[in-house]
There are 2 protein chains.
Amino acid sequence: MSIKGFLLSVALLFGSSVLLWAQKTDKENQALMPYPQEITEGTGKFRLNKDFSIYVNAEAHPRLFQAATRFMRRLDSRTGLFFTQHMVTPQSKGQANFSIQAAENAAVKLGMDESYELTVSKDAIQLKAPTDIGALRGLETLLQLVQSDGEGYYFPEMEITDSPRFPWRGLMIDVSRHFQPMDVIKRNIDGMAMVKLNVLHLHLVDDHGFRVESKVFPELTAKASDGEFFTQDEIREIIQYANDRGIRVMPEFDVPGHASSFLVAFPALGSAPGPYSLQRHAGIFDPTLDPTNEDTYTMLDKLFTEMAALFPDEYFHIGGDENEGHHWDANEEIQQFMKEKGLKSNHELQSYFNRKLLTVLQREGKKMMGWDEILQPSLPTSALIHSWRGQEGLAEAAKAGHKAILSNGYYIDLMYPAAQHYLNDPIPASSTLSDKEKKNILGGEATMWTELVTPLTIDSRIWPRTAVVAERLWSSAEVQDVEDMYVRLNGISLKLEREGLTHIRNRDVILRNLVNGRDISSLKVLADVCEPMKGYTRNPEGTLYATYSPYTLFADACIADAPDALVFNQMVEKYLTTKGESSEQIEAYLHQWHQNHERLLPVIKANPVLLEVKDLSLNLSRISMAALDALSGKVDKMSEREKVKWYNNAVAILKESRQQGGRTELQVVNSIEKIIKNKRQYLE
Amino acid sequence: MSIKGFLLSVALLFGSSVLLWAQKTDKENQALMPYPQEITEGTGKFRLNKDFSIYVNAEAHPRLFQAATRFMRRLDSRTGLFFTQHMVTPQSKGQANFSIQAAENAAVKLGMDESYELTVSKDAIQLKAPTDIGALRGLETLLQLVQSDGEGYYFPEMEITDSPRFPWRGLMIDVSRHFQPMDVIKRNIDGMAMVKLNVLHLHLVDDHGFRVESKVFPELTAKASDGEFFTQDEIREIIQYANDRGIRVMPEFDVPGHASSFLVAFPALGSAPGPYSLQRHAGIFDPTLDPTNEDTYTMLDKLFTEMAALFPDEYFHIGGDENEGHHWDANEEIQQFMKEKGLKSNHELQSYFNRKLLTVLQREGKKMMGWDEILQPSLPTSALIHSWRGQEGLAEAAKAGHKAILSNGYYIDLMYPAAQHYLNDPIPASSTLSDKEKKNILGGEATMWTELVTPLTIDSRIWPRTAVVAERLWSSAEVQDVEDMYVRLNGISLKLEREGLTHIRNRDVILRNLVNGRDISSLKVLADVCEPMKGYTRNPEGTLYATYSPYTLFADACIADAPDALVFNQMVEKYLTTKGESSEQIEAYLHQWHQNHERLLPVIKANPVLLEVKDLSLNLSRISMAALDALSGKVDKMSEREKVKWYNNAVAILKESRQQGGRTELQVVNSIEKIIKNKRQYLE
């Protein structure tokens, strides 16, 4: 065994993920994401030393001076050069070697100009943008470019011309199902800024809690938030924080369904007699506002008027999704009302409701936005459609003349791989929309629903995958090399952690909790090949977990794109499709997994909370052994009878290894099955 | 080599700290800290399952219901049992198997009754306390007691009778030098509650910034905070959060020295003409309020009146330290004033100043508190003395009839070992105070000065060492076994992380940043034997670092009590003093360190920010090799001439290895020197 081979196998034995991250490339270091529109690379290097200094044209918006100061501190944290310049202010002198020029100061709103030009030469850096917001985007690009060599840190010579493909690039955070406090919101705004997202959509109200203070109706949070909500001062702080980073904040008040929290505070506005209580499980619930009760509109008018003033953004999201109408169907007065008004379906009744709200919002200078369900022929085209149900709904809205954005395919809470979100395009190559209709599609939003996450784990569900959604929405449609994306994603993931996101660090926290100690290595080997059950399967019927269940268990330490599985599956694919490929690295992984069960078993025994993954670990060990038998040639030397027996046994344990454990699933079973079924001639 | 030996050496090769944490004992698991006054252990087990439920007597304070609910969720996070009880409320039924009875509801203030009695039997748990605060303390003890065996989780049968030795057990956080935002404060309050500390002392004002909103004088934060301060709403939120956990919040407004931030906003109140600016480095600065200017008192009267209302605690800290009087000496008018008033020294002038403030504070119903320097014969005994200068000052104050607390010896920012703080007793066995005088000594405070920390690193300076200060102040004076303390400290450290403290996780974040990747193993091997330079040596003259310097470098990832050094030094001590002790484990460490340099070198080369620790790593490798030569007997086989040469060389590299690198120092040099000097006969 070569030294390299030895190191590899020992690394595999002890440091899960070591292999993946050891294969660090320049591309990962550079980690430009989202990838700019145009790059011209040079050969020179702008070298960094403590005299590095920044100048911003004095007329620029204060937010640009603050961002430039933050840029300097962030770069200093990375390089340890102890830059002498403290703050970048309008008084900072013009002879600085990094010059930032923003021609105009922009309002943070839909359609703001976010383009910029960045020129790095040996002696100077220039960032020019039509607006200060464009300059903010350019600063993030530059920070991603820092490199090092034997002489120190530098920026590589290059010219970048960049601008976004779509103007609406959002992240929705559901703060109702599990409340997410200020620090979560702020650090995620930082992450959004790093990948050039520009809309934070706060899903503030749902069946699980009303999460924003109303001074007009204080009972909303007093009765229906369990004490967890944003004060209006905090909302203002969030908006300012986001605005400083060129990010809009759009509120959503989901009506008429998803209304349990509304109705806990105002049961008389419900479509059923009540009483109502906050939901503690996941699902679609019946409590619905009564659209035939004038008091409903009186209340919503006052509330929306108050909230329209609190949230300065032009758009106001009224939700409108998943109203199954059970309470409407069961209410005779509502049925009578529909007859009188000639409303033929619940859908038409909801349209009636929406039009009343539209009047309020228009009076307050807002544009209405809602999920697919609000789309109706009678809906004015000024309303923006937010598509959660699919590309078809998006296209339908665009054809009907509505502006529209996509979230279907960007449900990051469902734990699908980054690649899947990455290849989901708001305007796919196959689109049959006209050019004019295509212009109605403004972008999309990653949606972070929070049934199964807490502040401890939410970052690991949002990041790094949201970065690939950000790239899909910013970069050219042609940028779609998945392998390349994953390499850069590793780099951006580390950069996100550096700026405060907790997606990497908190995994180890959970693992340390589970092993009740510090040596998490054997548990991490398992966690690095397991992923939480996907889609809605982790929480069957929505009832396995309550909002107050523990989210500190094995599944919560597992992430989408389990890192070792990702690498292993790529290796196996290559091995099986390319002749002459060595199986050495594959075998090293298999040895590690085979042996890991023996290391993990005493840890499981000492920690009953881990019993749920015992079979998972055993199965991983067993299928790894079977695959080793196949790869090592051991099987080839067996008698025919033994071969058949081996094969049948392997197929049986493969089946067992598809069982979930701790609400997670092994992600290497398909690849191992391919290795084993390569030997299926033994059966024939 | 035995399997065990092999595993050990491989573990040492790859997982720094593995050894330390692998030696987990029941005591560490149990990790009671602070140790209760009386424990009677039984043999039964109260087994936990999902039906575990809590009852609190209905008249108890809401904070006890909230704490009981949090207790349930924290225990569920640890055990993963999915307890069915959601909230503990006055409506919760009495047949619960854990019953909490608080006889009275207490105000959170000095002298509140914090005692409790906890009885765990096989079938039931009872927590009884004279006050709800005592019950809060008992809940923390119970949570530390959870254990597991093959059948699951349980609480061991026992009776605990507990109460604190001292009524004042504090943590001071300096939020002026580096501002610490809400999330830092809140999670540290959680940590304080876990180890039964009961005073959060906020050092709100210093030369680097004024950190609390004044509505009367908004210019204080507008001009002198760089935008980093607590709003009054936030202060109220902190106070409520602390109060919910039985913790007082005491503000400090440091006057008349440390006044740069005061004087940036109000230069006319200074003892020198100004202009003034916020300090960006560490040190003792001259800006001082003018005690001869009536406007000074008018301003402080209004400010203190406002702040006395904002902070409900009985005590109000006016600082008073480190006024060197340079600006008083240089000001002729002040000199003239002193002559007129018959004030013979700056100390007397400051006493004059203090007495004027005392009038204000007394009017507002507050007791004055200040650092040693305020002690003067003319000071009324109602003023509490906070001793930072030493045990003598503390004793002097107590003899003069003042209540007093100790912080000298509890300066956790100085990076001394936990043992040193642990053995520092406010009333040492050698004390010559009378019993009555001893009663004047109320306790102490760990002090977290923030010249060199940011929100990223502050937890790793506060924790886990503050837990040993908490034990010193709560537990019996006889509890002072250092080895036992370190074992329990490992356990409590993990428990603190579980509740949100970032002292463990953020070390890895910094290391990942430094290596620009995920495989931090070789750098961590080095970091686990290095400690930041102690006392005030890391930041010579206070000028090496500015407030805006990077605090994301190697020293910031290092901690006091470097974990591998702690274990290694214990091993060497035992080896050298106990005959027949094996050197196998010592050699395993030395091999690891010797080989680590080769692993770390390419990482350093790829990351210029690590160049500062290259020599440190090389020196560790070299002295480890020399020690291995000594232990392995290789030296014994040398010629006499070679032996002398070896010895002289070893002494020379030992000397080099005492050089700092990256503002840290190797912590195994003394032990390795002992191993080598064991061979000093070669020189004789």
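I began with one pair: the side chains of Arg512(B) and Glu497(A) form a salt bridge, 2.5 Å from N to O. The term means a side-chain nitrogen of Lys or Arg within 4 Å of a carboxyl oxygen of Asp or Glu. I noted that the rule finds 2 salt bridges across the interface of chain B and chain A.

I wrote down the basis next. This is a predicted model, where local features need pLDDT of at least 70, side-chain atom pairs count only at pLDDT 80 or more, and totals for chains, interfaces and linings use all residues. Residues are numbered from 1 along each chain as its sequence is written, chains are lettered from A in the order in which they are written, and side-chain values use heavy atoms, with hydrogens and water left out.

I then looked up the extent of the contact (heavy atoms within 4.5 Å). Chain B gives 56 residues and chain A gives 56 residues. The two chains bury about 4,800 Å² between them, 56% of it on carbon and sulfur atoms. Buried area is the accessible area (1.4 Å probe) that two parts lose on being put together, summed over both. In chain B, Asn516(B), Arg518(B) and Tyr548(B) lose the most area to chain A, together 16% of what that side buries.

Which helix or strand gives the most to the side of chain B that touches chain A? I found α20(B), with 6 residues. Helices (H or I, at least four residues) and strands (E, at least two) are DSSP runs, numbered from the N terminus.
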